[in-house]
Structures are given as C-alpha cells and as structure tokens.
Amino acid sequence: MPIVEENTRSAGKAHRIFFAVWPDNDTQKQLAGLAKQLRLESLCGGRKIKAENIHLTLLFVGKVYPDRLEVLRDVADSIKQSVLPAFDLVIDEVRYWKHNHIVYAAPSKVPQELVKLEGALRDAISTAGFPLEQQAYAPHITLMTNAFCPTLPELAAPIAWRVREWTLVKSEQASNGSVYTPIGCWPLGDF
Ligand code: 2AM
C-alpha cells in the first residue's frame, strides 16, 4: 500500500490518522468470533486482529500535525449530517488478498450510503488540502494479517451491522501491535 505524502510540517508530533466506522459491542463480538468460528487460524495461519481493533476504514489520511488536526475536525463538522443517513451494513463474505496476506470480512453489496459517506469525506478533506491516496475505495474489515489462505470457508449467517456514526482515529504502534484511539465522532442521521 503506498504511503501518503506527509502533510505540511509544523509544530508538534505528527500522528497517523484515519476515518473509520467502529462496530457496536455486539457486532464487534460477532466479527471477532468469525476467525474462531471459521477456524481461520488453522486454515490460513496468520494473526487475528484484536477485537477492540476491528473496524471498517472510510478514509486513510496519513500523517497529520496537531494544528492540521483541528482543520480536519472542522472539515468533518462541516459535512452535513442531514444528507448522510444511518445505514445497514450486511457482512456476508470472508475474502483473502494474496498481495498483502490479509483475510477480511466484507459486504457483497456495498450500501450506497457508505459510498456517499466515503465520497463526501474524500471530497471535503481533499478540498481542504490534505493529500490522499487515489485508489478506489474497497470496503473491508481486516480479520487476520500475515495469512496464507487459498481456500476460504463460507459464512454460516450474515452479520447485520447498523452504522450510526463515524469516527476520527489516531493510530499508534506499541510493542504489542497497533493502538487505535478515537479522537472525534460524528453521528449519521436517523430519518
Ligand atoms: P487495513 O485494514 O487494510 O490494514 C489504519 O492503518 C487503517 O487504515 C487500517 O484499517 C488500514 O487498512 C487503513 N489504511 C488504508 N491505507 C493505508 C495506508 N496507506 N497505510 C496504513 N493503513 C492504511
């Protein structure tokens, strides 16, 4: 995955930042249980993502300095909740990317509301001068890393997730893996 160019250098330490939707407790439990339920570890090897780290990335922003973080929050504030409704995300597939050895869960049908949310964020953040990767949005929830999985089991039942909000997240590396901290949250409209 190409690394995003650093944003304008300024005072303080830059943080690695992304926008995501984070599962509620029940959905998190179901997604975390998938690797176990499908015996992905014995099938594919690799390492399970910690339950608290399971998420769906909306937009990866990359390195952001503290003063630009405020700009990012203002841009997020300016996105109209009235045109972005809450939506149902039905996770019904488990897939594998050979190129980066990731096993992930995904919806076979990507909701238009998710496409609209990602598009609105991308437009607003890019207009505010943040350099973004240009690749097409591929919604996925990473379940395992460093996996090798030529055959994948099928999901017995889909996981229905009501997405009601989106989050700005700071990512840090600790000795035992990534630590994700929410630093902003915006509701989706329930009409
Ligand atoms: P992943 O699930 O495929 O690893 C934090 O790193 C989140 O941003 C992860 O969900 C990661 O996706 C996603 N992401 C997207 N582009 C990235 C990039 N260039 N570098 C690191 N993470 C990226």
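Predicted model: local features only at pLDDT ≥ 70, side-chain atom pairs only at ≥ 80, totals over all residues.
**Entry 1**

I then looked up where S175 sits, and found it in the loop that runs between β9 (165-174) and β10. For a sense of distance across the model I took I17, which is 158 residues from S175 along the chain, and I read a separation of 19 Å between the C-alpha atoms of these two residues.

**Entry 2: S178**

Which residue does the side chain of S178 meet in a polar contact? I found the side chain of Q173 as the partner, at 2.9 Å. Leaving aside residues up to four places away in sequence, I listed K50, N53, E172 and Q173 as the residues that S178 touches.

**Entry 3: the ligand**

Next I went through the shell around the ligand, where I counted 12 residues, and I wrote down H55, T57, E133, H140 and T142 as those that come nearest. Sorting the shell by residue type gave me 6 nonpolar, 4 polar and 2 charged residues. I also checked which strands contribute, and noted that β1 (15-21) and β3 (56-64) each supply at least two residues of this shell.

I then looked at individual atom pairs. An N or O atom in the side chain of H55 lies 2.6 Å from an oxygen atom of the ligand. For H140 I read 2.7 Å between a side-chain N or O atom and a ligand oxygen, and for the side chain of T142 the corresponding value is likewise 2.7 Å. How much of the ligand does the protein bury? Taken alone, the ligand exposes 470 Å², and I noted that the protein buries 84% of that area.

**Entry 4: a four-stranded sheet**

Last, I traced an open sheet of 4 strands, which follow one another in the order β2-β7-β6-β5 with antiparallel pairing. I marked β2 (47-48) and β5 (93-97) as the edge strands, since each of them pairs on one side only. Looking closely at one end of the sheet, I found that β2 and strand β7 (residues 141-145) pair in the antiparallel sense over 2 bridges. As for R47, I recorded T145 as its bridge partner in β7.

Notes. Residues numbered from 1 in each chain as written. Heavy atoms only, no water. Near = heavy atom within 4 Å. Polar contact = N/O pair within 3.5 Å; in protein donor to acceptor, adjacent residues only side chain to side chain. Areas by Shrake-Rupley, 256 points an atom, 1.4 Å probe, with all protein chains shown as cover. Nonpolar A, V, L, I, M, F, W, Y, C, P; charged D, E, K, R; others polar. Contact = heavy atoms within 4.5 Å. Pairing = 2+ DSSP bridges.
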